[in-house]
Amino acid sequence: MVNHTSGSLAAAAAAAAAMTNDSLFDTALPPLPSYSLEPTGDVFPWISDFWLSLLLPVAVYWAMSLFFHAVDVLDLFPQYRLHTPDEILKRNHASRYEVARDVVIQQVIQVVTGAALAITEPAEMKGKSEYDVAVWATRLRLAQRAVPGLLSALGLNATVLSKSLSVSHPLLAAALAGGYYPVSVTAQSAAPGFAPWELAVAKLIYHVLVPGLQFFIAVFILDTWQYFLHRLMHMNRWLYTTFHSRHHRLYVPYAYGALYNHPLEGFLLDTLGAGIAFKVTGMTVRQGTCFFAFSTIKTVDDHCGYSFPWDPLQLITSNNAAYHDIHHQTWGIKTNFSQPFFTFWDGLLNTKYKGSRSNRVAEKKREAKSK
Ligand SMILES: [Zn+2]
Ligand SMILES: [Zn+2]
């Protein structure tokens, strides 16, 4: 009996609403869904996200270095070498053992710092994504409220436009009218809802655009941090001789020499730089893990000693092994400070190497033949 009464009340309310033209459209903002939070689970059952974020960068560093080391030792692609194997032995001022040892020391510092930062972080929770998508959909709806005003500023009448499109393109008509959608489009329940396109765009923003933007800002922060600190290390004699000259003992870089640094420099340049980029962009631990692993892969690739035409990492930006190799040469050491991703700071501040390089093995051979 009660159900019947409330049912007929609802029907009466709907009929009354249909009588006035206004209530055919959602004028109120759709309500945000409720949510309940629970701790985010781990990506893999055999390792916690905490340990994954600390150990993956170390694992990819050595896996990738091992690959390039095999390419070097087995001499698989001599045509793409930047230097001869002989040069690695003769020109470098650090033994392979010293390099590996110092890299391990830096990685221990990196893991300890990362652990200290991660422990002080609040536990990450999930369950809010539907709510956050609805927040973006609400922002889209509010942005549409400005459309009629913008159209009239352009001399167009939003009401006339909207009416003329209301049959052929009802969603477009509603957006032009300021985001007032017919109830028939948005109503899933009694409450007003979002148009399908609003939810689709909101999902795209939340799941793709925002994480993509965070990644690019982090890349920019790390590049900026490293460029200026690196350049400072070359401008100040004390800083250079005390710290940075160690990395430059490698005149002929090879993959696992990428993180061969004085421990304090390694901490400042790589660990702190990546940590700041992670914090400022508000990444989740999983996003941070991908970012740390990717920048590690990039810096190993920049020191690999090969100029491969098919290596995607060497193709996405002009900052690659050949570019950074110039910085490791006596004739190029005052140029090409940019690392690890883009070269725009070198371009902007006029520190890009402008001469032609002549130490690539294939080029040398070609030159010798033509003589
Ligand atoms: Zn340098
Ligand atoms: Zn280097």
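Modeller: A word on terms comes before anything else: helices (H or I, at least four residues) and strands (E, at least two) are DSSP runs, numbered from the N terminus. This is a predicted model, in which local features need pLDDT of at least 70 and side-chain atom pairs count only at pLDDT 80 or more, while totals for chains, interfaces and linings use all residues. Residues are numbered from 1 along each chain as its sequence is written, and chains are lettered from A and ligands numbered from 1 in the order in which they are written.

Biologist: OK, how many helices and strands are there in the chain?

Modeller: The chain has 17 helices and 2 strands.

Biologist: Which residues does the UniProt "transmembrane region" annotation cover?

Modeller: The unreviewed UniProt entry places it at residues 51-71 and 204-229; such positions are given in the numbering used here, feature names are shortened, and annotations may be inferred rather than shown by experiment. In the model, residues 51-71 are 100% helix and 0% strand, with 30 Å between the end C-alpha atoms. Residues 204-229 are likewise 100% helix and 0% strand, and there the end C-alpha atoms are 36 Å apart.

Biologist: Switching topic, at what angle do α5 and α10 cross?

Modeller: The axes of α5 (residues 129-144) and α10 (residues 196-235) cross at roughly 115° and come within 8 Å; these axes are lines fitted to C-alpha atoms, for helices over the stretch in contact, and angles run from 0 to 180 degrees between N-to-C directions.

Biologist: And which residues meet there?

Modeller: From α5 they include Val 133, Trp 136 and Leu 140, and from α10 they include Leu 199, Ile 205 and Tyr 206, where contact means that two C-beta atoms, placed from the backbone, lie within 7 Å. By class, this contact has 9 nonpolar, 1 polar and 4 charged residues, with Ala, Val, Leu, Ile, Met, Phe, Trp, Tyr, Cys and Pro taken as nonpolar, Asp, Glu, Lys and Arg as charged, and the others, Gly among them, as polar.

Biologist: What about the largest nonpolar core, how many residues has it?

Modeller: That core has 21 residues, and those with the most contacts inside it are Ala 255, Tyr 256, Val 300 and Cys 304. A nonpolar core is a set of buried Ala, Val, Leu, Ile, Met, Phe, Trp, Tyr and Cys residues joined through C-beta atoms within 7 Å; a residue is buried if 20 or more other C-beta atoms lie within 10 Å of its own, exposed if 12 or fewer, and partly exposed in between. Helices α2 (49-73), α4 (96-119) and α15 (321-327) each supply at least two residues of this core. Apart from it lies another core, of 14 residues, among them Val 133 and Trp 136.

Biologist: Where is the cis peptide bond?

Modeller: It joins Gln 339 and Pro 340, with omega about -5°, and Pro 340 is found in the loop between α15 and α16 (344-348). Asn 336 is in that loop as well, between α15 and α16, and has a positive phi near 55° though it is a residue other than glycine.

Biologist: Is Asn 336 buried or exposed?

Modeller: Asn 336 counts as buried, because it has 22 C-beta neighbours inside 10 Å. Asn 350, in the loop between α16 and α17 (361-370), also has a positive phi, of about 60°, but counts as exposed because it has 8 C-beta neighbours inside 10 Å.
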